[in-house]
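Good morning, colleagues. I shall speak briefly about strand pairing and aromatic contacts; please keep the display in view.

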Amino acid sequence: MTGPNVDIGCTMRDGAILAMEEINATGGIKGKKFTWVVVDDEASPAKSVNGAKKLIFRDKVELIIGPANSGCALAVGEVTVPNKIVNIVPGQNANMTAPERDYVFRCSLTDKEIAKKMMEFLGDEFKKIALIHDTTGYGDHWYQTLTGMLKARGVKVVADESFEVNIFDLTPHVTRIQQSGAEILVFLGVGGDVPTLAKAERRIGLKIPHLGTNGFGCQTVIDLGAKDVEGYIFPDTVDLKKKEWQIFRDKYRKRFNIPEVFTHHPPPQAYDAVYLLKQALERTNGKTGEALKIALEDGVSVNGATCRVGAGGMSWKKGKHDAMVAEQLALIEIKNGRFISWERK
């Protein structure tokens, strides 16, 4: 809720709260209503673990939604799984929902699935790729995933750069990318560092297309990047043309009094996930723990605010603890200070 990923954590929290408030307002689940306790882990794995222990052993919670960051979620899974606490996470590291972590359900999809969509965008048009990634677990895992796919396809990576998050200046990295003759820059990181990248490019006059992970889809990118991030493209779990998304967007804006543009994938992911939980909890008469895990694995689905038009919605079942796949992603572009749907010309 504070720190470099505040626009992810806070909006995920609010999306979940909106769904729980709606369910409570219609009588809850078999007469039982949601209550919630919020913990700020500051995107720190150690604080995430301490927060999870507090929630489980002091507050006696029966479900945990979050944390938002992959490294934090991996750490928290070591606490939730042995205590049979169903844990809903949005991060992209494939190991978060490994078979042995059977109480963890992802309200998003793995980085490998997102990378498939990125490779679809690259197609045969771009022959020379520049990669730049942060050195966190998120960035490194993304780097390994995408470079493996590029190598398998025989695509040449002409520039390969890494950086520590919250870096002050990326001019040396961008200069080497410019000198490489790259036809497109692929960014593997989260929103806070995107404006730093964009400003360095403006400083030296680098003008090539940009493709990124859904880390581009943060309000921070638009607020701080301004005109420098125009044209950036990324795959996302939200389709801005989808009716269910638009209904959710309007409810979310009204409830939390926010402007038109905001970080748009964490809140609907959490919102839809709560409605998946509702389906399972109705089957268990409100029981959690192993009963809830089994009910989720029996199969739940919702065509809600997430996923591309015509591609169904989020779902979980036994052997599928990841709510989405690549075919359900949409492509988003930043244009005129807004997120818009991207269509191939």
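In this predicted model, I begin with a right-handed β-α-β unit, made by strand 1, helix 3 (residues 70-80) and strand 2. Strand 1, residues 63-65, pairs with strand 2 in the parallel sense over three bridges. On its other pairing, strand 2 joins strand 3, residues 104-106, again in the parallel sense and over three bridges. Asn87 of strand 2 is the bridge partner of Ile64, and in strand 3 the bridge partner of Asn87 is Val104.

Which way do the side chains of strand 2 point? Val86 and Ile88 point one way, Asn87 and Val89 the other, and all are buried.

I turn now to the aromatic rings. The count comes to 13 aromatic pairs. In one of these, the ring centres of Phe163 and Phe187 are 6.0 Å apart and the planes stand at 25°; the pair is therefore stacked, the limit being under 30 degrees. Because Phe163 belongs to strand 5 (residues 156-163) and Phe187 to strand 6 (residues 184-188), this pair ties together parts 24 residues apart in sequence. Both Phe163 and Phe187 are buried.

Phe248 and Tyr271 have ring centres 4.8 Å apart and planes at 55°, so this pair is tilted. Since Phe248 lies in helix 9 (residues 243-256) and Tyr271 in helix 10 (residues 266-283), the pair ties together parts 23 residues apart in sequence. Phe248 and Tyr271 are buried as well.

Ring pairs also link Phe163, Phe187, Phe216, Tyr232, Phe234 and Phe339 into a cluster. Finally, the charged end of Lys293 sits over the ring of Tyr103, 5.6 Å from its centre.

Technical notes:
Residues numbered from 1 in each chain as written. Predicted model: local features only at pLDDT ≥ 70, side-chain atom pairs only at ≥ 80, totals over all residues. Heavy atoms only, no water. Buried < 20%, exposed > 50% of the residue type's maximum accessible area, 1.4 Å probe, protein only. Helix = DSSP H or I, 4+ residues; strand = E, 2+ residues; numbered from the N terminus. Pairing = 2+ DSSP bridges. Right-handed = clockwise from strand over helix to strand, strands pointing away. Phe/Tyr/Trp six-rings, centres within 6.5 Å; stacked < 30°, edge-to-face > 60°. Lys NZ or Arg CZ within 6 Å of the ring centre and 35° of its normal.
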